Amino acid sequence: RLMTAGGNAIDAGVAAVFAAAVTEISHFGLGGEAPIIIYSARDARVVVINGQGTAPKAASPQLFAGKTAIPGNGPLGATLPAVVDSAALALARYGTKSLAEVLQPAIELADGFPMYQFLYNYLESERKGSSPYSWTMSTYYAGGQITPVGEMFRQPNLAATLRALAAAEQESLARGATRVQGIDAGRDAFYKGPIAREMSAAVREAGGVMSEDDLANYRGKVEEPASVPYRGYTVYKTGFWNQGPALLQTLRILEGFDLRAMGAGSPDALHTIVEAIKLGYADRDRYYGDPDFVSVPGDVLLSEPYAAARRRLIDPKRASLEHRPGNPARGTALLGAA
């Protein structure tokens, strides 16, 4: 729709992000994160829009003392919502349309779309876990019921939020703002003012610690991607704050095997791929982290000599049941190896 209206791929992608935040709420929403990888033909380069919210300032280690892990769900399990910022940044730098234009399909969907079976089943499975949170229940289980499949599911509060972002942009443009300034004004309507105040209050009421200051001070950024060569291609992923480079490590390891000779989908090929994935994820668990706080040996982890050392750990006849991170400081295959 956006491309038919003269937009480019980024306009369409951003519109799809907002639409998915309305209709694919089993997996995605405005409260989540949206890392974006873009190839800019104009600049002939690949860039990453971080799109990963930080933890609230009050989410200190002491807050989780006595727990075995940070909760996977609920108000203490989330980072700051980064979707609106990430999408706005992509649109402003690489798109051509206004924020209102890319929001319009999402607004229409928030006014109502037919409930579908997968979403119905998901809401049914999450009913018990959602029951402590009044806003969740009133949004997705109005009157204690899930909208039947095929009937219109409406999210009036979400529609109002999206309209508020579009209106803030239009008001800014009416005052003489540029296109980029208008997009930023719409973005700010989410992170500052009444919407941010209501969001942070609702999170704290539910037991979380997100504050208005957290939202007001959040800004995503454009970064260089991580990349590796693989059989004549260059594969790009986000940085080591994300698990994306685990795929790059896996590809580096697999490049040393003749998967074609093994046969696509053959037991030998699948075994080799799975074993390489295990090694990549073992390094992820041990070394990946927020580069603002930890030093990740990314250059070594993605290097061919290190991959060659890791590759030798794969036994073609036996699946490993061990967690085997390597030792990039020494360039060796196993942590603790001489």
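Tutor: The questions below set computed values against the definitions of the terms.

Student: What kind of model is this, and how are its residues numbered?

Tutor: This is a predicted model, in which local features need pLDDT of at least 70 and side-chain atom pairs count only at pLDDT 80 or more, while totals for chains, interfaces and linings use all residues. Residues are numbered from 1 along each chain as its sequence is written, and side-chain values use heavy atoms, with hydrogens and water left out.

Student: How many helices and strands does the chain have?

Tutor: The chain has 15 helices and 7 strands. Helices (H or I, at least four residues) and strands (E, at least two) are DSSP runs, numbered from the N terminus. The C-alpha atoms fill a box of roughly 60 × 50 × 40 Å along the principal axes.

Student: Why is Thr-147 called buried?

Tutor: Buried means under 20% relative accessible area, exposed means over 50%, and partly exposed is in between (1.4 Å probe, protein chains only). Thr-147 has 17% relative accessibility and therefore counts as buried. Thr-147 is found in the loop between α6 (134-140) and β4 (152-153). Of the 338 residues of the chain, 44% count as buried.

Student: Which residues does Thr-147 contact, leaving aside neighbours within four places in sequence?

Tutor: Contact means heavy atoms within 4.5 Å. On that basis, Thr-147 is in contact with Met-115, Tyr-120, Met-152 and Phe-153.

Student: Is Tyr-230 buried or exposed, and what makes it so?

Tutor: The relative accessible area of Tyr-230 is 15%, so Tyr-230 is buried. Tyr-230 has its place in strand β6. Not counting residues up to four places away in sequence, Tyr-230 touches Val-235, Leu-251, Leu-254, Glu-255 and Leu-259.

Student: Where is Arg-231, and why is Arg-231 called partly exposed?

Tutor: Arg-231 is in the loop between β6 (226-230) and β7 (233-237). Its relative accessibility is 39%, and therefore Arg-231 counts as partly exposed. Arg-231 also has a positive phi, near 50°, in a residue other than glycine.

Student: Which residues of α9 are buried, and what puts them on the same side?

Tutor: Ile-195, Ala-196 and Ser-200 of α9 are buried. They cover an arc of only 120° around the axis, and therefore lie on the same side of α9; the arc is that of the directions from the helix axis to the C-beta atoms. The face turned away from the buried side carries the exposed residues Pro-194, Glu-198 and Glu-205. The buried residues of α9 pack against α7 (156-174), α8 (179-191) and α10 (212-217).

Student: Why are α1 and α3 called roughly parallel?

Tutor: Axes are lines fitted to C-alpha atoms, for helices over the stretch in contact, and angles run from 0 to 180 degrees between N-to-C directions. Angles under 35 degrees count as roughly parallel, over 145 as roughly antiparallel, 65 to 115 as roughly perpendicular and the rest as oblique. Helix α1 (residues 9-23) and helix α3 (residues 99-111) pack at about 25°, with their axes 8 Å apart. That angle makes α1 roughly parallel to α3.

Student: What relation do α2 and α8 have?

Tutor: Helix α2 (residues 83-94) and α8 pack at an angle of about 180°, with their axes 10 Å apart. The two helices are therefore roughly antiparallel to each other. Among the residues that meet are Val-83 and Leu-91 in α2 and Ile-183 and Phe-190 in α8.
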